[in-house]
Amino acid sequence: MNTDVVIIGGGVVGCSIARQLSAYDLKTVLLEKEEDVCSGTSKANSAIVHAGFDAEPGTVKARFNVLGSRMMEELSRELDFPYKKNGSMVLCFDKDDMPKLNELYDRGIKNGVEGLEIITGDQARELEPNVSDEVVAALLAKTGAIVCPFNLTIALAENACDNGVEFRFNTEVQNIRKIDGGYSIRTDNGEITTKYVVNAAGVYADKIHNMVSDKKIHITPRKGDYKLMDKEVGTYVSHTIFQLPGKYGKGVLVTPTVHGNLLAGPTAVDVDNKELTSTSAAELDDLTSKAMISVKNVPFRQTITSFSGLRAHEDGDDFIIGECEDAEGFYDAAGIESPGLSSAPAIGVYLADEIAKKAGALKKDNFIATRKGIPHVAEMSFDERAALIKEDPSYGTIICRCEGISEGEIRNSIRRTLGARSMDGVKRRTRAGMGRCQAGFCTPRTMEIIAEELGIPVTQVCKNRRGSELIVGDPRDEVGRN
């Protein structure tokens, strides 16, 4: 197959680049080794839109963080995903550390962050009564926000697909070689010839980069554990609460989510395994003790799940964005750790424009700039819900009781552009299974709906990637043996 651009990686950065490239008259293909977009770092993070005060002025991180943060609210309106400007606080617990807090403020000003203010400990407690009594001062960033990382990534992907980008899932890149006029990419699903390559492969971006460049890069997976608490305690804090940054980043935060939960994390442990997303008791205990430094009596007894994600930490401690020096037509979006989610919209615009300029591609006249998400009955008024149910009765049958997710929403998530093909795909699009019981009640019926919509036996329904079937064998065989 011949194409103009191949994007490797279906996370938030890869999908943002795909969406922006879809505005140009270019044939673009996105390759993702998993069964869906948002299956790596983008599915397991803090869901924070950082204001931009933390990154060192002059770094690539600082530039794209501030630009991306400014773009996010308008993007949420265009692509219909949850976003809330709740503001953030960085807490200082010792007067001797005030110079560090002032340094953060100065960084933010140099980076162009608006709405920054240093407040006293009493002012911090007035805004957030549950923060520690030890707080002596705080940096208040009014432009800090929270977002749904699943819906953001999926919205970008759907819009890109509607504008002509081809998505190839379950397709892993095995090798890339330079050829006349471009690159030949060998995958486990065949070979693709392309003029341009975009490397947005997350923790594997070093492996992809090093296939074509003599200037090697190295990415360390940095594992972070999280605890998610029930919506019953979702208002325990209203701002995103940070501690003064340390060696491994911004430390453990406590924040509300756009869906009404309370989230704490992440820890930071460097690992060798790029697939290691298990949690450990020791790491979760560490998370708990660190969170309690910032916020009094964090209601961890209301924890409904814990999870872990990997950040792509490059040895140079900065984003690597742009055309590779010794591989013309090969573009990196590598080392994208925090604030990668916040930076993604701006990275997408920059790289798409660079590639379009190099290719001499023109903007499309028929680009579709907007996308509409799945209607959520739990968020509707009685009259809105009644009208929707009259149009489609399946929206009147609740499948996930914890989150109030209807059969209509689940079927919509499967039928739409780049529809769900797994339990996790449905969960990320609808939140079915994300509530208090963690899919204890809704799993069987959700599996049946997936099987019905895809025309497959229920035994072939997977949790996520191939090989993760939830039912092994025929249950009737077990009944016959007893």
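Figure 1. Among contacts in the chain (heavy atoms within 4.5 Å) between residues at least 6 apart in sequence, 72% link residues at least 24 apart. The model shown is predicted: local features need pLDDT of at least 70, side-chain atom pairs count only at pLDDT 80 or more, and totals for chains, interfaces and linings use all residues. Residues are numbered from 1 along each chain as its sequence is written, and side-chain values use heavy atoms, with hydrogens and water left out. The chain has a radius of gyration of 23 Å, which agrees with the value near 23 Å for a compact globule of 482 residues; this radius is taken over C-alpha atoms, and the globule rule is 2.2 Å times the number of residues to the power 0.38. Along the principal axes, the C-alpha trace spans about 60 × 60 × 45 Å. Of the 482 residues, 55% are buried, where buried means under 20% relative accessible area, exposed over 50%, and partly exposed in between (1.4 Å probe, protein chains only).

Figure 2. The accessible surface comes to about 20800 Å², and carbon and sulfur atoms account for 48% of that; the areas come from the Shrake-Rupley method with a 1.4 Å probe, and for residues only the protein chains shown count as cover.

**Figure 3. Strand E12 and its partners.** The chain has 13 helices and 22 strands; helices (H or I, at least four residues) and strands (E, at least two) are DSSP runs, numbered from the N terminus. Strand E12 (residues 190-199) runs parallel to strand E1 (residues 2-8), joined by 6 bridges, and asparagine 2 has threonine 193 of E12 as its bridge partner. Two strands pair if DSSP finds at least two bridges between them. Strand E11 (residues 182-187) pairs with E12 in the antiparallel sense over 5 bridges, and a hairpin through 2 residues connects E11 to E12. Here arginine 186 is bridged to glutamate 191 in E12. E12 also pairs in the parallel sense with strand E20 (residues 330-334), over 3 bridges, and valine 197 stands opposite phenylalanine 330 in E20.

**Figure 4. The hairpin of E19 and E20.** Strand E19 (residues 320-323) and E20 are antiparallel partners with 4 bridges. One of the bridge pairs is isoleucine 321 with alanine 333 in E20. The hairpin has 6 residues between the strands, and glycine 329 takes a positive phi near 85 degrees.

**Figure 5. An open sheet of 3 strands.** The strand order is E3-E8-E4, with antiparallel pairing. Strand E3 (48-49) and strand E4 (83-84) stand at the edges, each with a single partner strand, so one side of each has no neighbour in the sheet. E3 pairs with strand E8 (residues 145-147) over 2 bridges in the antiparallel sense. Valine 49 has alanine 145 in E8 as its bridge partner.

**Figure 6. Proline 256 and its surroundings.** Proline 256 lies in strand E15 (residues 253-256) and is buried, at 10% relative accessible area. Leaving aside neighbours within four places in sequence, the contacts of proline 256 include Asn86, Ile146, Gly234, His239 and Leu262. Phenylalanine 150 is 106 residues away from proline 256 in sequence and 16 Å away in space, C-alpha to C-alpha.

Figure 7. Most residues other than glycine have a negative phi, and most peptide bonds are trans. The bond from glycine 265 to proline 266 is cis, with omega near -5 degrees, and proline 266 sits in the loop between strand E16 (262-265) and strand E17 (269-270). The bond from serine 338 to proline 339 is also cis, with omega near 10 degrees; proline 339 belongs to the loop between E20 and helix H8 (340-359). Leucine 418 has a positive phi near 50 degrees, and this residue is buried, with a relative accessible area of 19%. Alanine 439 has a positive phi of about 75 degrees in the loop between H11 and helix H12 (443-454).
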